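Me: I'd like to learn how to read this structure, one feature at a time. Can you walk me through it?

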Amino acid sequence: MVNSPVLERDSVIHILVVEDEPSLCQLLVNNLTFEGYSVAAAGDGVPGLAAHAARRADLIVLDLMLPQMDGFAVLKSLRDRRDEVPVLMLTARGEETDRLQGLSLGADDYLVKPFSVLELIARVKAILRRTRPVDHPPLLRSGPFRFDLPRLEAKREGRMLELTPREFRILEILITHPGRTHSRKEVLQLAWEPDARPSARTVDVHIANLRRKLGEETGAPWIATVGGEGYRWVTSVETDPL
Ligand code: CA
């Protein structure tokens with residue numbers, strides 16, 4: 001059974017990408033569309049603001065360096081008129097002070113180029129979970145498990161599982177994309193800090209611990225090992241009405 005990403009089911013969340021590099025812009029549009037979002041794109045600040053005025057975005061992916069009106073100016077323009085639309089700022093390496101300035105101006109998060117698309121998608125989802133909790137119900141159910149993502153809680157038949165934050169993060173990556181295989185490399189990119197990446201073998205060790213804590217040895221496998229590729233959550237996942 002193939003599931004679509006559960007957190008975005010029936011979603012009409014609209015995302016605006018403001019990025020002047022055509023290939024990167026297209027890549028982001030394609031992947032966000034694939035995730036089920038409605039997506040608009042602009043190549044500079046002024047057309048970006050115009051696109052947002054024409055159809056209000058629920059989140060803006062905003063490149064910092066743009067040809068004429070840069071990301072800071074766009075962000076400032078938004079915040080100056082009390083528009084609190086969530087903004088994920090894209091910066092290039094070497095713009096460390098710019099990053100901090102961006103956050104102080106009211107960006108919700110930032111990503112340093114080059115980044116993986118999966119990392120971007122994960123950040124987008126994290127921001128949307130914070131800002132649109134109604135569209136992103138925090139409680140998920142799968143088989144005998146219940147997951148409370150914001151609280152980092154996982155229960156099996158009412159019993160709390162003692163997971164480390166890292167194990168929970170790996171579990172979150174798998175259960176929010178049920179049926180999709182994640183390579184070890186993807187898991188490393190999504191669950192570890194960018195500058196502290198251990199070996200792929202470390203992922204296997206964490207998965208083994210996770211399986212033990214989920215209680216796989218006593219019953220059905222929840223996390224499948226897919227050839228030499230990676231791992232996937234095999235059971236369907238449903239949102240749990242509050
Ligand atoms: Ca740029």
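Me: Let's start in the middle of things. Which residues does L171 touch, not counting residues up to four places away in sequence?

Reply: First, some ground rules. This is a predicted model, where local features need pLDDT of at least 70 and side-chain atom pairs count only at pLDDT 80 or more, while totals for chains, interfaces and linings use all residues. Residues are numbered from 1 along each chain as its sequence is written, and side-chain values use heavy atoms, with hydrogens and water left out. Contact means heavy atoms within 4.5 Å. By that rule, and skipping residues up to four places away in sequence, L171 touches F147, A154, L163, L210, L214 and W233.

Me: What is the nonpolar core, and which residues have the most contacts inside the largest one?

Reply: In soluble globular proteins, nonpolar side chains tend to be buried together. A nonpolar core here is a set of buried Ala, Val, Leu, Ile, Met, Phe, Trp, Tyr and Cys residues joined through side-chain atoms within 4.5 Å. Buried means under 20% relative accessible area, exposed means over 50%, and partly exposed is in between (1.4 Å probe, protein chains only). The largest core has 28 residues, and F147, I170, L171, I175, L214, I223 and W233 have the most contacts inside it. Two or more residues each come from β7 (145-148), α6 (165-175), α7 (184-191), α8 (200-214) and β12 (230-233). The largest share, 6 residues, is from α6. Apart from this core lies another, of 21 residues, among them L24, L59, V124 and I127.

Me: How many helices and strands are there in the protein?

Reply: Helices (H or I, at least four residues) and strands (E, at least two) are DSSP runs, numbered from the N terminus. The protein comes to 8 helices and 13 strands. Of its 242 residues, 51% are buried.

Me: In what order do the 5 strands of the open sheet come?

Reply: Two strands pair if DSSP finds at least two bridges between them. The order is β2-β1-β3-β4-β5, with parallel pairing. β2 (38-42) and β5 (109-113) stand at the edges with a single partner strand each, so one side of each has no neighbour in the sheet. From one strand to the next, the twist averages 20°. For a close-up, take β3 (residues 59-63) and β4 (residues 87-92), which pair over 4 bridges. V61 has L88 in β4 as its bridge partner, and L62 stands opposite M89. As for cover, 5 of the 6 residues in β4 are buried.

Me: Which strands does helix α5 lie across?

Reply: For angles, axes are lines fitted to C-alpha atoms, for helices over the stretch in contact, and the angles run from 0 to 180 degrees between N-to-C directions. Helix α5 (residues 117-131) lies across β1, β3, β4 and β5, at about 175° to β5. Among the buried residues of α5 are V117, L118, V124 and I127. Helix α2 (residues 45-54) lies across β1 (14-18), β2 and β3, at about 170° to β1.

Me: Which residues coordinate the calcium ion?

Reply: Donors are N, O and S atoms within 2.8 Å of the metal (3.2 Å for Na, K and Ca); water is not among the atoms, so sites may look incomplete. Here D20 (OD), D63 (OD) and M65 (O) coordinate the calcium ion at 2.1 to 2.3 Å. D20 is in the loop between β1 and α1 (22-34) and M65 in the loop between β3 and α3 (71-80), so the pair ties together parts 45 residues apart in sequence. D20 is partly exposed, at 32% relative accessible area, and M65 is partly exposed at 49%.
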